[in-house]
Amino acid sequence: MEYNLADLFESIVDTVPDREALVHLDHPGTGAERRLTYAELDRAANRLAHHLADQGIGPGDHVGLHLYNGVEYLQSVYACLKIRAVPVNVNYRYVEEELVYLYRDADLVALVFDAEFTERVAGALPQAPKLRHLVRVGTPPAGAAEPRIAPVPLAQAAAAGSPARGFGPRSADDRIVIYTGGTTGMPKGVMWRHEDIFFSGMGGGAPTGEPVGRPRELAERVAAGGEGLVFFPTPPLMHGTSTLTAFIAFHFGQKVVLHSKFVPEEVLRTIERERVTSVSLVGDAMLRPLVDALGGPLKGTDCSSLFSVSSSGAILSDTVRDQFGALVPNALLLNNFGSSESGFNGTATDDSGPDKGFRLNVNPRMAVVDPATLRPAEVGEVGRLALRGHVPLGYYNDPAKTAETFFAADGDRWVLLGDMATVDADGVVTVLGRGSQCINSGGEKIYPEEVEQALKAHPDVYDALVAGVPDGRWGNRVAAVVQLRPDAAPLDLAALQTHCRTRLAGYKVPRQVVFTDHIQRSPSGKADYRWAKAVATGEREA
């Protein structure tokens, strides 16, 4: 047995087969639900795996998952892993042109998709010649154009497949591909070996403790432990963070709860009903609506079971953290840091915030390096974050970008991240922001995330994104796109500038503001900087 994700899962299934593994509330608020034990989830994955194998899909073949959150998503992931195929996440917000790019770039040979997307799949399919097999979940909308390849209903595929295993040997070198969100450019497929993502993305079976020393130790720990932990990944599983959270829960032998979509009020009701212990989300875009609901229409909801709420992919503002802390004082609120290219890297310090910056206690494999020499940066020197050890193999179908991002040094494999940072004498890292989004104004470098934190500290600001726009004198100037709270008093640029000057150096203060009714983000809450820049420059309506 190796560090193979399918082998590891099956070892846990055999240890606690009758323990509840997965709860999916298909239609939040209606009472409809599915509950599967570990054995039932394993059999469901086996059935789909046999169906895919019968279609000639096997080791190394790429299978797209174009799905909302649900049993079918995790069933499909494990079905792929069991036959050594490669699961590939597909952003369900993509329109036809974007799907054509991803289907082709990822060399998909099969696709499991929700029926709601039938028309988009039908439109993209003729331009994806390698895509030869479709599995559809649910019933398509009336009148939707059907794909030229007839989709097989998932229920039919599963019914025909054997519930037994009967698969060949697997390897720690088997792969999983995670496509990035593409908010700053075309999405890229990050190629991970199973063993590498197990340790870097899933903590080696113990994200807050000592990683396992051998594959079978994972099931031994589950056998020796108890149950009662309930993990609730609220962002879409199509983003790596939520899928990794589900894997972590399964590696503990615990329960995962899913909603098809993020509905704040239903999330709170589910926390109370299922006695959820751990929630994962993405930044203020998800936590703020929960705070508003908990302080308003769902005031009094029992969240006493919660002992951790973790955010990754976007920074939680001080304002929202304080509000949540007052409403749910028993829960530990974690600002985590990671990426598709590096997995989990660290957690924000208690004094992290607009005044001192986004400060992290990072794991020992993380470093700040000089991007020119790739050697460790000096204390206080601005460099790029890098991770060594269990890192991805590179970007799929992009050798040039792989060569820019991944390197070898001192006998280790390294990945060079896009985040600029400094390190202090105690080893605490301060993340400045993405280098690709850095605004150069009159020679000064300004990171949007820092300005956004200052803006969101204003009690009347609900959300904000910052971008650089062309300026005749300074090259670029700082522009903010701001969404005010519904009950906010009128605000203007001058008021926001006065507020920001208490937290930022003068050259970082926004010189322009556009007010909008809604900030556009990805379904997981990540920033859409292309949209923000288009709004700030007037190329797009706010």
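Modeller: Let's start with burial: a residue is buried under 20% relative accessible area, exposed over 50%, and partly exposed in between, using a 1.4 Å probe and protein chains only. Arg84 is partly exposed because its relative accessibility is 28%. Keep in mind that this is a predicted model, where local features need pLDDT of at least 70, side-chain atom pairs count only at pLDDT 80 or more, and totals for chains, interfaces and linings use all residues. Residues are numbered from 1 along each chain as its sequence is written, and side-chain values use heavy atoms, leaving out hydrogens and water.

Biologist: Where is Arg84 found, and what is its phi?

Modeller: Here's the general idea: most residues other than glycine have a negative phi. Arg84 has a positive phi, near 65°, and sits in the loop between helix H3 (71-82) and strand E4 (86-89). Helices (H or I, at least four residues) and strands (E, at least two) are DSSP runs, numbered from the N terminus. Leu374 isn't a glycine either, and its phi is positive at about 65°. Its loop runs between E17 and strand E18 (383-388), and Leu374 is partly exposed at 28% relative accessible area.

Biologist: Is Asn363 buried or exposed?

Modeller: Asn363 is buried, because its relative accessible area is 16%. You'll find Asn363 in the loop between strand E16 (358-362) and strand E17 (366-369).

Biologist: Which residues does Asn363 contact, leaving aside neighbours within four places in sequence?

Modeller: Contact means heavy atoms within 4.5 Å. With those neighbours left aside, Asn363 touches Phe344, Asn345 and Leu387. Its side chain also reaches the backbone nitrogen of Arg365, at 2.9 Å. A polar contact is a pair of N or O atoms within 3.5 Å; within protein, one must be able to donate a hydrogen and the other to accept it, and residues adjacent in sequence count only if both atoms are side-chain atoms.
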